[in-house]
Number of protein chains: 2
Amino acid sequence: MQNLEEKTLSSRRVYEGKILNLRVDQVLLPNGKEGSREVVEFSQAVAVVALTDDDKVLLVSQYRYPVGEVLREIPAGKMDPQESPEVCALRELKEETGYAAASLVKLNEFYTTPGFTNELMHVFLAQNLTKGEQSPDEDEFVQVESVSLQEAIEMIFAGKIRDAKSIAGLLAAHYHLKRV
Amino acid sequence: MQNLEEKTLSSRRVYEGKILNLRVDQVLLPNGKEGSREVVEFSQAVAVVALTDDDKVLLVSQYRYPVGEVLREIPAGKMDPQESPEVCALRELKEETGYAAASLVKLNEFYTTPGFTNELMHVFLAQNLTKGEQSPDEDEFVQVESVSLQEAIEMIFAGKIRDAKSIAGLLAAHYHLKRV
């Protein structure tokens with residue numbers, strides 16, 4: 001197998017911010033030439049396909065400033081330092097929807113866009129839910145709805161769910177639940 | 001329905017680079033308070049689930065510098081200015097795998113990580129493939145393999161495919177092909 005690795009020659013930190021950092025690295029390519037790589041450093045994150053006892057999934061709508069649209073997504077959020085993916089999944093689900101989950105199964109994990117960021121997303125299926133109160137972050141404004149998993153899948157193909165983690169999570173949950 | 005929109009108050013350009021730009025905006029939140037939003041500006045992109053006549057999908061492995069790993073992905077790439085998603089899909093498929101496709105169906109589109117970037121990904125199913133020569137970009141080093149679609153789905157759940165667009169695309173293709 002051909003060596004595909006790229007080696008770091010130097011690194012310049014361009015920006016250190018609230019939720020992300022940016023650096024530009026000079027690298028040695030597999031063919032011996034040099035190139036530059038722009039890297040957005042981001043924390044790990046989780047997303048949750050939350051299935052209620054009457055077989056509905058919880059979707060949250062929120063304004064996504066970078067894209068200038070309200071998007072319909074599955075509950076999700078960044079992991080706090082030292083927080084495990086499981087603890088973060090339960091916390092974000094509770095904050096955004098008010099639901100607590102007694103069962104949590106990992107569906108998959110993925111890099112959201114590995115060409116320019118290290119953001120890693122862990123996706124869970126949450127079941128055995130109990131309703132409580134929402135408590136979103138102070139700069140977070142979300143609306144919750146519940147639809148059947150089948151309706152959610154149809155929303156993907158109708159262009160009504162246009163968020164990568166939500167599509168990957170809902171289709172994975174659909175496949176997983178058909179198999180078990 | 002509650003107003004979820006955030007209004008731009010001011011914008012500061014932090015970085016303009018080769019594949020991305022970074023800006024930090026001051027915004028007015030729905031509750032009347034102010035907040036800041038870090039936005040990575042990125043071009044639109046495409047990804048292709050390419051299915052050969054013997055029902056195998058083409059996967060490309062490449063070193064992803066931001067995550068420091070070789071990842072197995074479906075063929076993908078950034079759209080050139082003025083290029084349509086369809087033209088880009090056929091171009092990237094040809095460059096990375098050597099295959100030309102006579103049939104192209106759009107599966108879905110999504111924002112890869114709308115919390116901090118506007119990158120929009122268009123995902124296609126390509127069929128009726130004809131083999132030719134690869135011609136990757138000069139700083140792009142990829143290895144191509146073909147596996148059955150079912151094997152590719154199993155790779156997702158076994159953690160051997162860990163890339164959002166690939167997971168969203170392969171599961172969408174699987175669902176789409178079962179339905180038609």
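Buried means under 20% relative accessible area. The model on screen is predicted, and the tour below goes through it selection by selection.

**Cysteines.** Select Cys88(B). Its relative accessible area is 0%, so Cys88(B) is buried. Now select Cys88(A), which also counts as buried because its relative accessibility is 0%. How many disulfides does a search of the whole structure find? The search over all chains finds zero.

**The annotated domain.** Select residues 41–169 of chain A. UniProt lists this range as "domain: Nudix hydrolase", in an unreviewed entry. Over this range the chain is 43% strand and 22% helix.

**Glu73(A).** Next, select residues 69–73 of chain A, which form strand S6, and find Glu73(A) in that strand. Is Glu73(A) buried or exposed? With a relative accessible area of 1%, it is buried. Show the side chains of Glu73(A) and Arg64(A): a polar contact of 2.8 Å joins them. Beyond its neighbours within four places in sequence, Glu73(A) is in contact with residues of chain A including Leu58(A), Val60(A), Asp163(A) and Lys165(A). Pro114(B), in chain B, is also among its contacts.

**Lys56(B).** Move to chain B and select residues 56–64, strand S5, where Lys56(B) lies. Lys56(B) counts as partly exposed, because its relative accessibility is 30%. Leaving out residues up to four places away in sequence, Lys56(B) touches Ala50(B), Leu51(B), Ser146(B), Val147(B) and Ser148(B). Lys56(B) and Ala152(B) are 96 residues apart in sequence, while their C-alpha atoms are 9.0 Å apart in space.

Terms used:
Residues are numbered from 1 along each chain as its sequence is written. Chains are lettered from A and ligands numbered from 1 in the order in which they are written. This is a predicted model: local features need pLDDT of at least 70, side-chain atom pairs count only at pLDDT 80 or more; totals for chains, interfaces and linings use all residues. Side-chain values use heavy atoms; hydrogens and water are left out. A disulfide is a pair of cysteine sulfur atoms within 2.5 Å. Buried means under 20% relative accessible area, exposed over 50%, partly exposed in between (1.4 Å probe, protein chains only). Helices (H or I, at least four residues) and strands (E, at least two) are DSSP runs, numbered from the N terminus. A polar contact is a pair of N or O atoms within 3.5 Å; within protein, one must be able to donate a hydrogen and the other to accept it, and residues adjacent in sequence count only if both atoms are side-chain atoms. Contact means heavy atoms within 4.5 Å. UniProt positions are given in the numbering used here, feature names are shortened, and annotations may be inferred rather than shown by experiment.
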